[in-house]
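The following note sets out several points on the structure, for the attention of a colleague who has the sequence and the coordinates at hand.

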Amino acid sequence: MPAVGGTLGEGNNAQIELFYQVARELTATLDLNQVLRRVLEVTIKSLEAEHGFFFLLDAKGRAVRRLSAQTNASAEEIELTTVQLLERGLAGWALHHQEVALASDTSVDVRWIPYYDAPWETGSALVVPLIHGGQPNGLLTLTHSRRGFFTPRHAALAQTIAGLAAIAVENASLHSKVQEERTILKQLVDRLPEPLLLTTKRGKVLLANRAAKALWSLDDAGSAHIEHLLPAAEMMAAFARARETGEIQFACLTWANDRCFDVSFAPIAELGIVIFLHDVSDLVRLNVLKSQLVATVSHDLKNPLSWTYGYASVLEMEEGLSDTAQQCVRGILSSLTRMQNLIDNLLDLYQIEGQGLESGTGASDVAQAIRTVCQEAHAVAVSKRQQLRIELADNLPPAQIDPLRLTQVLDNLISNAIKYTQEGGRICVSAVQHGGGVLVSVEDNGPGIPQAAQPHLFEQFYRVSSTATAEQEGTGLGLSIVRAIIEGCGGKVGVRSQEGKGSTFWFWVPQAQLPL
Ligand code: ADP
């Protein structure tokens with residue numbers, strides 16, 4: 001490579017040749033260590049310096065890496081000198097002014113602070129800041145034992161080389177940052193305790209972490225296909241949905257030996273589909289235990305409860321009870337009814353979680369069921385000065401639903417409407433023939449339900465937390481049972497609601513094949 005004192009001084013061509021070579025040297029690699037070493041070597045060589053050292057700077061101008069000749073100084077000594085150099089030495093001056101600092105005679109230049117115990121003689125020195133995007137990312141110091149060796153011509157040349165070096169350092173720093181992040185990410189994914197796969201959109205596995213390899217005993221993830229790893233139909237359906245909709249999809253997977261996973265399929269544009277398996281086996285086991293416990297306790301409570309109800313009913317008919325005693329008995333009976341309902345709901349829940357509710361056996365007269373339930377609810381509505389109206393289309397066909405279950409559904413929806421609607425409100429229960437079945441709606445002008453809560457209404461134990469309804473007593477079970485009953489007979493259920501305006505809960509049940 002040509003140098004400043006040699007061919008460089010002899011013409012433009014030589015300078016161009018030098019810059020070309022410097023650029024080639026600096027862009028030959030992206031490895032940060034190598035780039036830093038090359039920057040140092042290339043500059044020392046082209047400026048014919050004797051020694052040099054380099055500081056890599058962070059965004060705050062602190063030295064994050066140093067490159068220099070051997071030294072016996074301790075780490076603390078080096079650190080201390082570095083700070084001094086950057087604050088008030090020749091390096092500090094270059095950093096502050098963002099231009100080359102030239103000390104042609106270090107013995108008289110007060111800015112010159114020797115770099116720790118550098119064993120060589122320094123007569124003149126040059127510090128070159130590497131500026132990228134207006135921000136210094138490195139500092140290069142060149143020294144020569146001869147005073148007056150470095151001249152403004154060296155400074156000008158050093159400045160140009162520094163421009164090239166700054167780009168090389170920036171690129172290598174970015175590259176090294178990307179590499180570091182990639183390594184961290186890879187380790188993170190690999191050490192996740194739960195299985196994770198990345199597949200192409202066609203299902204070819206591109207990446208499997210350790211837990212996934214262990215789960216499927218995979219040696220070579222690259223030859224696996226999702227079809228073989230998750231062959232169940234609902235898994236492949238969720239995979240296809242994720243690919244087609246571009247939205248995350250979920251499915252439940254039961255593995256041999258009683259393991260259960262919540263599987264998520266997250267499509268990532270241009271990359272593929274990330275499949276994550278979350279082991280929920282313990283939760284599922286606990287849930288079964290909880291349901292069994294609730295069922296056993298509820299079942300065992302039923303008998304003493306009905307005995308108590310019987311005794312209280314007899315007591316109510318007793319003559320000569322004082323007003324207070326009568327009031328107490330009525331209170332006992334209504335509390336017992338609430339307990340009975342709760343127990344019935346819990347037992348239904350257990351059944352739903354087990355084999356589901358088979359509610360489609362039998363045919364029901366929907367109009368009659370609505371009249372009966374409204375008649376029973378009438379007293380409560382009146383106590384709240386509410387208007388409870390019925391609108392029934394003529395000639396409704398019989399519906400394919402067990403009559404007791406239909407009553408339970410109507411009871412739930414109508415009593416909810418009464419419970420959650422304010423005093424003086426309006427409730428209307430209607431039924432029409434629709435799409436090969438009967439469509440029933442329970443409409444109120446109550447507080448309505450916030451948009452965000454609506455998708456969760458039919459989940460078990462879900463209660464809306466808005467102040468409009470939260471103060472009412474409840475368990476959050478009613479609507480989940482309604483859904484199980486309606487779906488158990490092949491029907492559909494839903495809600496339309498607007499906050500402040502009211503709600504309409506509706507369900508559709510298919511027409512019965514046989515007459516009533
Ligand atoms: P519960 O009434 O025991 O809380 P449900 O499952 O029947 O349980 O209802 C779930 C939630 O839905 C209720 O807590 C209530 O917030 C809301 N909700 C149900 N019906 C209505 C209605 N007609 N108007 C406003 N909110 C309702």
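1. In strand 2, which residue is the bridge partner of Phe 55? The partner is Arg 66. This is a predicted model, in which local features need pLDDT of at least 70 and side-chain atom pairs count only at pLDDT 80 or more, while totals for chains, interfaces and linings use all residues. Residues are numbered from 1 along each chain as its sequence is written, and side-chain values use heavy atoms, with hydrogens and water left out.

2. Strand 1 (residues 51-57) and strand 2 (residues 63-67) run antiparallel and are joined by 4 bridges. Two strands pair if DSSP finds at least two bridges between them; helices (H or I, at least four residues) and strands (E, at least two) are DSSP runs, numbered from the N terminus. The two strands form a hairpin with 5 residues between them, and Gly 61 in the turn has a positive phi of about 80°.

3. Phe 55 also lines the largest cavity, together with Phe 53, Leu 85, Leu 90, Ala 91, Trp 112, Ile 113, Val 127 and Thr 141. A cavity is a set of points on a 1 Å grid over the protein atoms alone where a 1.4 Å probe fits but cannot get out, and a pocket is an open set with protein on both sides within 12 Å along at least five of seven lines; lining residues have an atom within 4 Å of a point. The space in the largest cavity is about 50 Å³. Strand 1 and helix 4 (90-97) each supply at least two residues of its lining, which divides into 8 nonpolar, 1 polar and no charged residues.

4. The largest pocket holds about 1600 Å³ of space. Of its 50 lining residues, Asp 411, Asn 412, Ser 415, Asn 416 and Lys 419 are the closest to its centre. Elements that give two or more residues to this lining include helix 12 (403-420) and strand 15 (502-510); helix 12 provides the largest share, 13 residues.

5. Ser 441 lies in strand 13 (residues 437-444). Is Ser 441 buried or exposed? Ser 441 is buried, because its relative accessible area is 13%, and buried means under 20% (exposed is over 50%, partly exposed in between; 1.4 Å probe, protein chains only). Not counting residues up to four places away in sequence, Ser 441 touches Cys 428, Val 429, Ser 430, Thr 504, Phe 505 and Trp 506, contact meaning heavy atoms within 4.5 Å.

Note on methods:
Grid points are joined across faces, edges and corners, and a volume is the space filled by probe spheres set on the points. Ala, Val, Leu, Ile, Met, Phe, Trp, Tyr, Cys and Pro count as nonpolar, Asp, Glu, Lys and Arg as charged, and the others, Gly among them, as polar.
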